[in-house]
Amino acid sequence: MVDFSLTRRDEELVALAERENKIALKHARAADVHSIDGALPFALPHPDVAGLQDPFEALANDHEGTSSEVIAEALMMISSAADADLRDRDHAFGSLVLEEFGTDEQKAKYGHLKLAIGLTEPGAGSDPSMIRSNSRYDAETGDYVLNGEKTFISFFNIYDGAVTLVRGEPDEKGNRPFHTFVVLRGQEGVGKVPSIRKMGMRQHDLAGFSMQDVRVPEIAKLSADFAKTFSKFNHNRPLVAAVALGTCRSMLDFTRERLEARGISIDYAKGAAGRSAAEDRLIRMEALWEAAWGVTMYAKWKQTQVGTPSYDYRTEASISKAIAGKAARTITQTCLDILGPEALSEHYLAEKWFRDVRIADIYEGAGEIQRVLVAREMLGYKRELN
Ligand SMILES: Cc1cc2nc3c(=O)[nH]c(=O)nc-3n(C[C@H](O)[C@H](O)[C@H](O)COP(=O)(O)OP(=O)(O)OC[C@H]3O[C@@H](n4cnc5c(N)ncnc54)[C@H](O)[C@@H]3O)c2cc1C
């Protein structure tokens with residue numbers, strides 16, 4: 001049976017996320033304008049939420065009665081436009097890799113740290129087979145020696161370091177396997193790259209680092225190879241879709257309100273022939289939003305069926321990100337068209353939502369790459385990494 005109804009606990013958690021979002025909207029412009037190099041214009045947690053229950057902590061503490069923890073998480077992200085993060089929320093992707101693939105000894109050594117994920121390089125983003133950062137084992141000291149450069153790394157300048165994907169030494173067939181290492185910020189040979197200013201999501205710090213003969217002990221080498229590391233994207237890609245949908249929801253609601261203020265109220269029963277062009281375009285965007293919502297929730301449902309550390313929902317995860325990433329661009333662009341000059345005014349948040357949402361179709365695998373991944377899976381095409 002297909003059942004789209006939310007449980008009472010889902011609804012409670014969504015209500016908490018919505019409450020937080022209303023407060024975040026008040027601070028969105030400050031976060032957008034004044035977040036510089038990872039420094040925020042307010043302390044975390046923001047005083048406005050300090051005494052309130054943290055929605056995601058509430059979920060982590062008690063997910064009994066939800067449709068499932070991962071579904072509730074996605075629903076909450078859709079309910080919150082991520083306009084301003086008012087809490088010191090942990091986005092540490094590298095820490096998730098350590099948690100899943102680290103030994104007890106490695107978790108004891110690095111588990112308390114916040115670790116970013118270091119995959120992208122100046123010449124290797126969409127195509128990780130181009131990764132040139134490398135590791136060499138020094139038999140004399142028992143250390144690994146790392147060289148290379150990573151760019152566009154979320155939160156590197158404010159976290160403790162990064163789980164970093166590099167090439168190892170050639171095996172007997174001449175292939176260079178992928179390895180992951182914990183690289184700490186500030187350790188000898190790790191060069192700092194200034195934070196990168198970007199058009200949207202300015203509260204999200206972005207930086208990079210270089211590695212010049214960085215020596216790391218054997219314990220810093222995780223068992224996560226290429227496939228294991230990338231498997232963590234399956235959980236995250238529908239969440240990127242969910243965040244984009246949250247922003248689009250704000251944009252659609254705002255557009256409807258502004259139309260209403262101009263005397264145009266949407267009558268869904270009217271039929272296409274009886275509607276104005278503005279109404280018709282808005283309704284089409286709402287339908288697109290619903291479709292993207294559907295594939296996103298489907299990916300999360302599939303995750304509940306096959307389990308989180310699984311590759312068996314990777315196609316659904318890619319579909320959700322491809323569809324929601326593209327939908328988000330279309331929805332925000334069309335709403336700008338419907339709104340006219342009001343949309344461009346910094347008096348409102350519409351122009352910020354338009355800037356913020358573009359990123360959803362780039363990071364964690366651009367839309368084009370998601371479509372390649374889905375096509376590869378459907379056609380049974382496997383490309384060997386070299
Ligand atoms: C806000 C933000 C946060 C990020 N956080 C992290 C992070 O924490 N860790 C990390 O490692 N990386 C991170 N990234 C990097 C991100 O994952 C890459 O930017 C992304 O994978 C694209 O790689 P690229 O920038 O090298 O672009 P390219 O790979 O050069 O792609 C440029 C364009 O070409 C298209 N393209 C490339 N190949 C193909 C193809 N075969 N077919 C069709 N089109 C193609 C792409 O879709 C894209 O539109 C982040 C990026 C951003 C913007």
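The following is a dialogue about reading features in a predicted model.

Visitor: What should I know about the model before I start?

Guide: This is a predicted model, in which local features need pLDDT of at least 70 and side-chain atom pairs count only at pLDDT 80 or more, while totals for chains, interfaces and linings use all residues. Residues are numbered from 1 along each chain as its sequence is written, and side-chain values use heavy atoms, with hydrogens and water left out.

Visitor: How many helices and strands are in the protein?

Guide: Helices (H or I, at least four residues) and strands (E, at least two) are DSSP runs, numbered from the N terminus. The protein has 11 helices and 8 strands.

Visitor: What does the radius of gyration say about the protein?

Guide: The radius of gyration is taken over C-alpha atoms, and the globule rule is 2.2 Å times the number of residues to the power 0.38. For 386 residues, a compact globule would have a value near 21 Å; the protein has 22 Å, which agrees. Along the principal axes, the C-alpha atoms fill a box of roughly 80 × 50 × 40 Å.

Visitor: How much of the protein is buried?

Guide: Buried means under 20% relative accessible area, exposed means over 50%, and partly exposed is in between (1.4 Å probe, protein chains only). Of the 386 residues, 49% are buried.

Visitor: Which part of the chain does the UniProt domain annotation cover?

Guide: UniProt positions are given in the numbering used here, feature names are shortened, and annotations may be inferred rather than shown by experiment. An unreviewed UniProt entry places "domain: Acyl-CoA oxidase/dehydrogenase middle" at residues 116-214. Over residues 116-214 the chain is 47% strand and 0% helix, with its end C-alpha atoms 17 Å apart.

Visitor: How do I read strand pairing, and which way do S4 and S5 run?

Guide: Two strands pair if DSSP finds at least two bridges between them. Strand S4 (residues 161-167) and S5 run antiparallel and are joined by 7 bridges. Across this pair, Arg167 stands opposite Phe178 in S5. S5 also pairs with strand S8 (residues 221-222), in the antiparallel sense over 2 bridges, and there Thr180 has Leu222 as its bridge partner.

Visitor: Why is S5 described as largely enclosed?

Guide: Strand S5 (residues 178-184) has 6 of its 7 residues buried, so the rest of the structure largely encloses it.

Visitor: What does a contact list look like for Ile153?

Guide: Contact means heavy atoms within 4.5 Å. Ile153 is in strand S3 (residues 143-154), and at 1% relative accessibility Ile153 counts as buried. Leaving out residues up to four places away in sequence, Ile153 touches a set of residues including Ala116, Ile117, Gly118, Asp205, Leu206 and Phe209. In the protein as a whole, of the contacts with a separation of 6 or more, 75% are between residues 24 or more positions apart.

Visitor: What do the buried residues of H5 pack against?

Guide: The buried residues of helix H5 (residues 93-101) are Phe93, Gly94, Ser95, Val97, Leu98 and Phe101. They pack against helix H6 (104-110), strand S1 (115-118), S4, S8 and helix H7 (226-261).
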